[in-house]
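Colleague: Could you walk me through this model and tell me what stands behind each term? I would like to see it first.

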Amino acid sequence: MPDIQKPAHVAELIRTQRATRQYSQREVPEEDIRTILNAGRRAQSSRNLQRWYFIVVRDRERLRRLAEGGKYAEHVRDAAFAIALVTSDGGSAEFDLGQAAAYLQLAAWDLGIGSCVTSMHYPEKAREALGVPADQNLNVVLSFGYPAPRENVQPPKKNGRKPFDEVVRWESWS
Ligand SMILES: Cc1cc2nc3c(=O)[nH]c(=O)nc-3n(C[C@H](O)[C@H](O)[C@H](O)COP(=O)(O)O)c2cc1C
């Protein structure tokens, strides 16, 4: 048996975690940010190469500039903090980053902190905001923060996922 310190409730976290794009002003303690980062760096990766860097951004002006790197990234500007996912590789390294992103988001949700994946449609702007050299890819940023009070937030769409039988096939394509 794995050495699990507290009751495992991963399935519940997965079931309830939805994209958060409206954040409260409440600061996230650095200890919690570190907990989230530790989850991300524990993700599996192809050949265990761990070709990733996680750049934490809390400075408001830097968050504003980073938000300009995406077409649908206003929530990055208003987040308590963001984590830019950086890798020098494509292919399987991008897959690895996806796994790290899921861990980062689930670890955050475990602490009551919401998040949203954000595509950097203008990666050069994002790189410039964080001083990332041109030989590194910065295509995705995660925004994080405590969700804004319910009355100020649009509820997530119901039935947020396709039905089980539409996406799952057993044994073969047909
Ligand atoms: C690769 C990827 C890119 C995404 N890019 C953006 C984005 O640029 N802006 C945004 O607001 N949400 C973005 N999202 C969030 C998705 O829209 C969201 O995860 C999806 O609609 C499910 O939403 P839900 O968690 O509320 O069900 C992205 C998600 C992924 C996985």
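Predicted model: local features only at pLDDT ≥ 70, side-chain atom pairs only at ≥ 80, totals over all residues.

Colleague: Which residues does the annotation "domain: Nitroreductase" cover?

Modeller: The unreviewed UniProt entry assigns it to residues 14-70 and 92-146. Positions follow the numbering used here, feature names are shortened, and annotations may be inferred rather than shown by experiment.

Colleague: What makes up residues 92-146?

Modeller: That span is 49% helix and 27% strand, where helices (H or I, at least four residues) and strands (E, at least two) are DSSP runs, numbered from the N terminus. Residues 14-70 are 40% helix and 9% strand.

Colleague: How do you know that β1 and β2 pair?

Modeller: Pairing takes at least two DSSP bridges between the strands. β1 and β2 (residues 81-87) are joined by 5 bridges and run antiparallel, so they count as paired. One of the partners in β2 is alanine 84, which bridges to isoleucine 55.

Colleague: Why are β1 and β3 called edge strands?

Modeller: The open sheet of 4 strands has the order β1-β2-β4-β3, with antiparallel pairing. β1 (53-57) and β3 (114-119) each have a single partner strand, so one side of each lacks a neighbour in the sheet.

Colleague: Which residues come nearest to the ligand?

Modeller: Arg18, Ala19, Tyr72, Val117 and Ser119, of the 12 around it; a residue is near if its C-beta atom, placed from the backbone, lies within 6 Å.

Note on methods
Residues numbered from 1 in each chain as written.
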